[in-house]
Amino acid sequence: MNMTCDMSISSQASSPFKPLIDPSEDASLFISHELRTPLASLQGALGLINTGQFGELSAQGRELLNTAMRSADRLTRLASVIEHQPYTMKSLLSAEEMGILQVENEFTSVFNLEDFYLYYQPIVTVQGRQVIGFEALARWHHPTKGWIAPAVFIPLAEQTGLIHQLGLDLLEKACVALRTWQQTFSELTPLTVSVNLSTVQLRDPQLFEKIRAILEAVGIVPSALKLEITESAFIENDIIAQKTLRQLQQLGIQLYLDDFGTGYSSLARLHDLPLNMLKIDRAFVLTRNWAISEAVINLAAKLGLDVIAEGIETVEEMTILQAMGCQKMQGYLFSKPVDGNVVTSLLHQQSLQRRLQPQAAAVDGGAMALAKP
Ligand code: C2E
Ligand code: CA
Ligand code: CA
């Protein structure tokens, strides 16, 4: 498997993830197939009823049966039209919508934990360009369509309930990778990893115990794990979720509020939530909404919370936010998400630099330094 492909960009407009369906591929064939398969079984069942095998029908029943058979025939003719006049479908659905539909339909049947991988994006402190941790971001290598972005498959995993299994498996993969890096590079600042937790996962009353068991089995201290949760997890008045979040925090796992400002947090409630960090959403940086960014930074300081600004792409964005007092950042300016092998080489490089410059390392505590952008 080629893990070096550029998987680093999100599923936003500029995504390099390949479209899920090749526009040249005949989308109409897929749709007509999707229509024909259930239609064939419906027609089979109606045909059996028509032969009288299940007993005689009343006059009203026969009328209903005839209507159902005529409807099934009309749909079969529609499937033929779609198959032979591809432009009909193309005008109805875009190639991307077609692809998503296809992936949605087969999600449960093609789902295999081994096809999911993690990429890691460094989180840095601006002063000294030190890496303080990595955010683990999931990618799916679909058996026939190649790499698929989390914006597509996470909602599917949530709808089907497979997120429970997938989320814990990804969390374990992140912890195993982190343990290896911590052991191999013990001379560097204790490394940490942030894992995204779906709101749906928080409905599992056993979630706290399951996470604790993973940490114990892998041999990671709770403080090395950060969980990123969106506002809805805190807002939904779900007693199980609130209890789990408090238990996780009491164990020593830090909780990050992801995409802060995009939801509808009640600011008044922020101070009683078990939180350690606010992540300022990229939307504010992208729209240069500096007034809101500054308000969030000040609010966090008042509440004793730390702040990370996400999606930093330019030196200008970095400088403005730094002047407002934000020290921790994440974005393409510093590094795109990279696969675990690239993280290992990055850490090797940092370790080598530390051995070559022991005095400088002693001063900065041996933290990894990123090249200046
Ligand atoms: P998120 O947690 O807000 O993650 C940040 C997203 O922004 C990532 O997209 C990342 O690649 C992208 N990003 C980082 N820096 C920049 C930048 O400078 N510019 C731009 N344009 N984008 C940047 P990605 O990897 O596509 O993930 C999308 C979302 O999918 C994540 O948003 C998160 O909500 C969800 N997700 C990813 N992995 C997981 C997972 O393991 N579990 C769950 N539940 N959700 C996940
Ligand atoms: Ca996140
Ligand atoms: Ca985010």
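## A strand pair to start with

Glutamine 121 has glutamate 135 in β2 as its bridge partner. Strands pair when DSSP finds at least two bridges between them. Strands here are DSSP runs of E with at least two residues, helices are runs of H or I with at least four, and both are numbered from the N terminus. Between β1 and β2, which form a hairpin, sit four residues, and glycine 128 in the turn has a positive phi of about 85°.

This is a predicted model, where local features need pLDDT of at least 70, side-chain atom pairs count only at pLDDT 80 or more, and totals for chains, interfaces and linings use all residues. Residues are numbered from 1 along each chain as its sequence is written, while chains are lettered from A and ligands numbered from 1 in the order in which they are written.

## More about β2

Three residues separate β2 and β3 in their hairpin. With strand β4 (residues 193-196), β2 pairs in the parallel sense, again over three bridges, and alanine 136 has valine 195 as its bridge partner.

Is β2 enclosed or open? Ten of the 13 residues of β2 (residues 130-142) are buried, so this strand is largely enclosed by the rest of the structure. Buried means 20 or more other C-beta atoms within 10 Å of a residue's own; 12 or fewer is exposed, and in between is partly exposed, with C-beta atoms placed from the backbone.

## The nonpolar core

The largest nonpolar core holds 68 residues, and Ala136, Ala174 and Val195 are among those touching the most other members. Such a core is a set of buried Ala, Val, Leu, Ile, Met, Phe, Trp, Tyr and Cys residues joined through C-beta atoms within 7 Å. Helix α6 (residues 163-184) gives the most to this core, nine residues.

Setting aside neighbours within four places in sequence, alanine 174 contacts Leu118, Ala136, Val193 and Val195. A contact means C-beta atoms, placed from the backbone, within 7 Å.

## Leucine 65

Leucine 65 belongs to helix α2 (residues 59-84). Leucine 65 is partly exposed, with 14 other C-beta atoms within 10 Å. Asparagine 50 is 15 residues away in sequence but 7.6 Å away in space, C-alpha to C-alpha.

How values were computed: Contact = placed C-beta atoms within 7 Å.
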